[in-house]
Amino acid sequence: MKTLTAWILLALALMLSPLSLAQEVEEERLWYSVDALNAGLGEAPDEVKRVTPREAVRSFMQLTEEGDFATAAHVLNLSDLEPEEQAERGGELARQLAEVLRRGEWLNVSNLPAQRDALVEDASGQHPRAGQPRRDLPLVSLDAKGQTYDIRLGRYRAGEDDAVWLINPESISAVGLLYEEYGPSWLEQHIPERFNKTYGMLKLWEWVAIPAFLIAVGLVGWGVFALVKVVANLLPAGMFKVFIGNVQVPLAFIAMSLVAQLLLDYVVSFSGAATTSFRVLLIIILAWGVGLVALRLLDTFLLRMTRRMVGEIDDTKHRDERILLTSLYALRRGIILVTVVAVTVYVLAQIDLFGTLGVSLLASASVLTVLVGIAGQAVLGNILSSFQVSLAKPVRIGDLVVFEDEWCYVESIFYTYIRLRTWDERRLIVPVRYFVSKPFQNLSAKEAKQYRRLVLNLHLSADIDVLRAQFLAFAEADDRVIEHDKLSCAVTDQSETSLEVSFYLMGSEPFCAWEAEAQVREKLIAFIRDHHPEWWPREVVVLSHHDVASGVRPASRSVTPPATVEDVTNREP
């Protein structure tokens, strides 16, 4: 009988052990089981709320703002301290941690879970732990002395008591080091207590100190700008003077960001919201300033190369030189793109943007991408078109083009637009995408030289051989006319009263050819005016229908109607 009872008890134990083990595993997922919590602090007062992560942190911040640090210590897990030390050091640790949380990083309590088990909520279902409870929760990550320290919440249960959320012992051990880094400065320690009251998101003294801080930083920037300007004026003419003159603004902003960072590190520090905003802004300004200085240095280098290797921008330069200049500008745009991407990556890495804004930003990334794509379609199209122009080179910097009936030199090719210089020194700013979508003439596509044609309408009696000889003499005497073997004169059309005589010449480049055409035309007109004015075309007035060439006189009439004379200015007696 005893043997049977023993076998029954053993079977029951084996049956219940998996259930007990499963229960223990489930409890391990929900909380950390401990023997006791903060035994040296006594029973937690009713005003301490620790059931959910949001309640715990909010209760801690409210109690520390009221100065009740001893009560706020009940939100800390002081298990690494002896019971006697818990009562002695708990309040001071709570005060130091409160200062660190207020100044280190902006902590938005509303983003913390409001459920007891901190269940991971994700309506999209993309989170790997969606729907699972948590017993450990990160609050903030702070850097001190080259190391990163996490402030975390943990859920603890002592015996049969209700589980509560406390700041874990590992975070408490780093409070002293973080307080040295983020605690109040010497200046703040001497601010009267009445000015430490909180109004809105800032303390009373911060509402006065922040404008003074911005004014001081602005004066530093203005001073650096003025100093760099004086230095630029004192330098002799040259590329270095051009470079210094172009970096006045970025150097001023770099100085402002560095001075502001030094003031925040060693002189004064503000609350978490203001400090986080300032640090993000300073990182952006510093990265922008350094990137702009680098681009100005690149521009100066390209300008020096342009002046040394290419010179003035027009199509009289060799085709290879214009290709080189176009490639240099393409290189500049590529470096700008790389610099912008590098600065953006650096800024995002420094401010931990995605970690700050949370997973919700990633969830809406596709929508944001669509909106940015729609809004920036024109800009992106121009940027892609500029790269297309740089690679295919349908035009090069210095080429002479006829665009929408305007004779223009291609002066610069930028990311989003092309700058054209007209013959009368006007500047046309044309979007790249619009430029490449319209037909245009590139007069410099192969060679700059151009064949020109000038036309004179003369009387039928004009001697073409005499005109041809004079044209050849005038054209060969003009230095702008090249390839004399291609000079030509021919009658290209005629009417009842006149001849159309065409003269052809070639110039070294389109504008020279146009000037040569105009000059030769003036000389031909002067020659005809001075030596053969009878070659000008005249209107013929019919006084009689008698054909002199046939020798037959028309029959006489009793009444001869009067002739109508439209123009008698050239009538001969």
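Two strands pair if DSSP finds at least two bridges between them. Helices (H or I, at least four residues) and strands (E, at least two) are DSSP runs, numbered from the N terminus. This is a predicted model: local features need pLDDT of at least 70, side-chain atom pairs count only at pLDDT 80 or more, and totals for chains, interfaces and linings use all residues. Residues are numbered from 1 along each chain as its sequence is written, and side-chain values use heavy atoms, with hydrogens and water left out.

**Exercise 1. The sheet around β7**

Task: Find the bridge partner of F403 in β8. Then work out the order of the strands in the open sheet.

Solution. 
- Step 1. Start at F403. Its bridge partner in β8 is E406.
- Step 2. Look at the whole strand pair. β7 (residues 400-403) and β8 (residues 406-413) run antiparallel, joined by four bridges.
- Step 3. Check the turn. Two residues lie between the strands of this hairpin, and E404 has a positive phi near 55 degrees.
- Step 4. Turn to V401. In β8 it stands opposite C408. In β11 it stands opposite N442.
- Step 5. Five strands form an open sheet in the order β10-β9-β8-β7-β11, with antiparallel pairing. β10 (427-431) and β11 each have a single partner strand, so they stand at the edges, and one side of each lacks a neighbour in the sheet.

**Exercise 2. The faces of β7**

Solution. 
- Step 1. Buried means under 20% relative accessible area, exposed over 50%, and partly exposed in between (1.4 Å probe, protein chains only).

**Exercise 3. Two aromatic pairs**

Task: Classify the pair F403 and Y434. Then classify the pair Y451 and Y504.

Solution. 
- Step 1. Recall the description. A pair of aromatic rings is described by the distance of the centres and the angle of the planes.
- Step 2. Set the limits. Rings of Phe, Tyr and Trp (its six-membered ring) pair if their centres lie within 6.5 Å; planes under 30 degrees apart count as stacked, over 60 as edge-to-face and the rest as tilted.
- Step 3. Count. The structure holds 10 aromatic pairs.
- Step 4. Take F403 and Y434. The centres are 6.2 Å apart and the planes stand at 85 degrees, an edge-to-face pair. F403 is in β7 and Y434 in helix α17 (residues 432-437), 31 residues apart, so distant parts of the chain are linked.
- Step 5. Compare with the cut-offs for burial. Y434 is partly exposed at 35% relative accessibility.
- Step 6. Take Y451 and Y504. Their centres lie 6.0 Å apart and their planes are at 20 degrees, so this pair is stacked. Y451 belongs to β12 (residues 450-459) and Y504 to β15 (residues 498-507), so the pair ties together parts 53 residues apart in sequence.
- Step 7. Y451, at 42% relative accessible area, is partly exposed. Y504, at 21%, is partly exposed too.
- Step 8. Return to F403. With Y434, F435 and F440, F403 forms one aromatic cluster.

**Exercise 4. T422 and its surroundings**

Task: Name the strand that holds T422. Then find which residues T422 is in contact with, leaving aside neighbours within four places in sequence.

Solution. 
- Step 1. T422 lies in β9 (residues 417-422).
- Step 2. Check burial. T422 has a relative accessible area of 1%, so T422 is buried.
- Step 3. List the contacts (heavy atoms within 4.5 Å). They are E406, W407, C408 and L428.
- Step 4. Define a polar contact. It is a pair of N or O atoms within 3.5 Å; within protein, one must be able to donate a hydrogen and the other to accept it, and residues adjacent in sequence count only if both atoms are side-chain atoms.
- Step 5. Apply it. The side chains of T422 and D424 make a polar contact of 2.4 Å.
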